[in-house]
Amino acid sequence: MTGSVRFVLGGRVVEVRDADPTTTVLNWLRANGRPGSKEGCAEGDCGACTVVLGDLAADGRVRYRAVNACILFLPMIDGKLLLTVEDLADADGELHPVQAAMVDKHASQCGFCTPGFVMALFALHHDERIAAGGLSDGAIHDALAGNLCRCTGYRPILDAARTMAAERTDDRFDRAEEGIATVLRSIRRDGSLTLTHGAASFHAPRSVDELAALFAAHPNATLVAGATDVGLWVTKQGRSLPTLIHLAQVRELHRIDETEDALEIGAAVTYTELLPVLERRVPELAALVTRIGAAQVRNSGTLGGNVANGSPIGDSMPALLALGASLLLNRGGVRRELPLDAFYHGYRKNDLKPGEFVERIRIPLPRDGQRFATWKVSKRRDQDISAVCAAFLLTLDGEGRVAELRAGYGGMAATPARAPALEAAMAGQPWTADAVAAALPALDGDFRPMTDMRASDRYRALVAKNLLMRFLLHTTGAERPSLEAVHG
């Protein structure tokens, strides 16, 4: 192997020279004397593997984020602080306040998932919202939504979280922050990282020009940002990924540019980084993003990765389609802009040419007078895959008729897609219950949904129609039409 991965673990700098680039952080930990983190699902769903990464924020402070170690590739933590449950108690064995709260509230039962809960709560312990005045129960539930207790021990776990938040005091990591920051600065790379292990290689470029040249030279490489999807290709599908190009160190891909009428989002911006901007500018989309995975997934996953991977049930794309988003694509430094609704050609097929990548996503913001909403329907609220996701952008003329309706759907076809027949059927029609009910059969021409473990084709077709009716009620407060009128 050439090159090495450097990170901080157990208070010292660790340098790894002998790992395959697709070795997960979890597997490396368990093979190197750190068995506290557990494997439950190997796909980022259960949280038993939760660890915390620390890195330097723009203000020089150490920022802590909970992530799923089971789908995170080891080279992706280069330059970071890695914390596992073994790190929290001090050298004399005194428990961290989070651990003490879990013990005091009898919050551990079988114990398998407990280390993951502890690490998720440790990240919450360092959340700036505590210092700003405490945490709501909603924030606590959100922080723990990515952790599953197999013994139904949630009440005492929540009690521990509430106690930790209410009685928050500085821990030894707060007191050592200056030293931690100094060590992290000492291993920060000025240049790119390249690793080779046999025939496998891992590249982490630092600039978009370097990325463009590298991908042009290796057009068959796999681009990876947070690995919340790509990680499963290895852990669940057993795929070999001989050449990986990591996007998270590319400076330009972390930019978020705001204008009066649009947002431009770099392809490596994580959902967690994006959320505060969406809450200010498109709160309806922010509400949807809080239901994408859980905190561990949003801390790693990116909007750009969701768009580029093009899963039929990717939750962000219906909203982006409804809003009229476009993509800035880059191939060897030559850029072109493409509407998102022209990007997907079929299941996991898109318009990208060899060596071309998504650099930025441009999202037009709803104008005054336009109404936008998006909803996700799944078997549980958190940490679940959509059965159907839908989004709508409505523009009415001066007489209350539909000047334009843009409808984006996920879970209804091989790709996320707009509903052109429905949109045409509504054009020029009054925005009323009767007109919407009359247009609903057009959706049967737009989509032929499939039956799978999440939902039947009939259920999906019905929900797709019901979500449009929900949008009508959401925008007008009109009385609900009869089931006979809606469903014939």
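This is a predicted model: local features need pLDDT of at least 70, side-chain atom pairs count only at pLDDT 80 or more; totals for chains, interfaces and linings use all residues.

Residues are numbered from 1 along each chain as its sequence is written, and side-chain values use heavy atoms, with hydrogens and water left out.

**Helix pair.** I looked up helix α2 (residues 97-104) and helix α3 (residues 114-125), whose axes come within 9 Å and cross at roughly 130°. That angle makes α2 oblique to α3, a word for angles that are not under 35 degrees (roughly parallel), over 145 (roughly antiparallel) or 65 to 115 (roughly perpendicular). Helices here are DSSP runs of H or I with at least four residues, and strands are runs of E with at least two. In contact, meaning heavy atoms within 4.5 Å, P97, V98, Q99 and M102 of α2 meet T114, F117, V118, L121, F122 and H125 of α3. I sorted the residues of this contact into seven nonpolar, three polar and no charged.

**Strand β9.** I then turned to strand β9 (residues 243-246), where T243 and I245 on one side and L244 and H246 on the other are all buried, that is, under 20% relative accessible area, with exposed being over 50% and partly exposed in between (1.4 Å probe, protein chains only). In a regular strand the side chains alternate between the two faces of the sheet. Strand β7 (residues 200-204) runs parallel to β9 and is joined to it by three bridges, and S201 stands opposite T243. Strand β8 (residues 222-224) also pairs with β9 in the parallel sense over three bridges, with V224 opposite H246; strands pair if DSSP finds at least two bridges between them.

**G266.** I found G266 in strand β11 (residues 262-266), buried with a relative accessible area of 0%. Leaving aside residues up to four places away in sequence, G266 touches L253, R255, E359 and R360.

**Two positive phi values.** Most residues other than glycine have a negative phi. I therefore wrote down H106, whose phi is near 55°, in the loop between α2 and α3, where H106 is exposed at 64% relative accessible area. R348 also has a positive phi, of about 55°; R348 lies in the loop between β14 (344-346) and β15 (349-350) and counts as partly exposed at 36%.

Notes. Axes are lines fitted to C-alpha atoms, for helices over the stretch in contact, and angles run from 0 to 180 degrees between N-to-C directions. Ala, Val, Leu, Ile, Met, Phe, Trp, Tyr, Cys and Pro count as nonpolar, Asp, Glu, Lys and Arg as charged, and the others, Gly among them, as polar.
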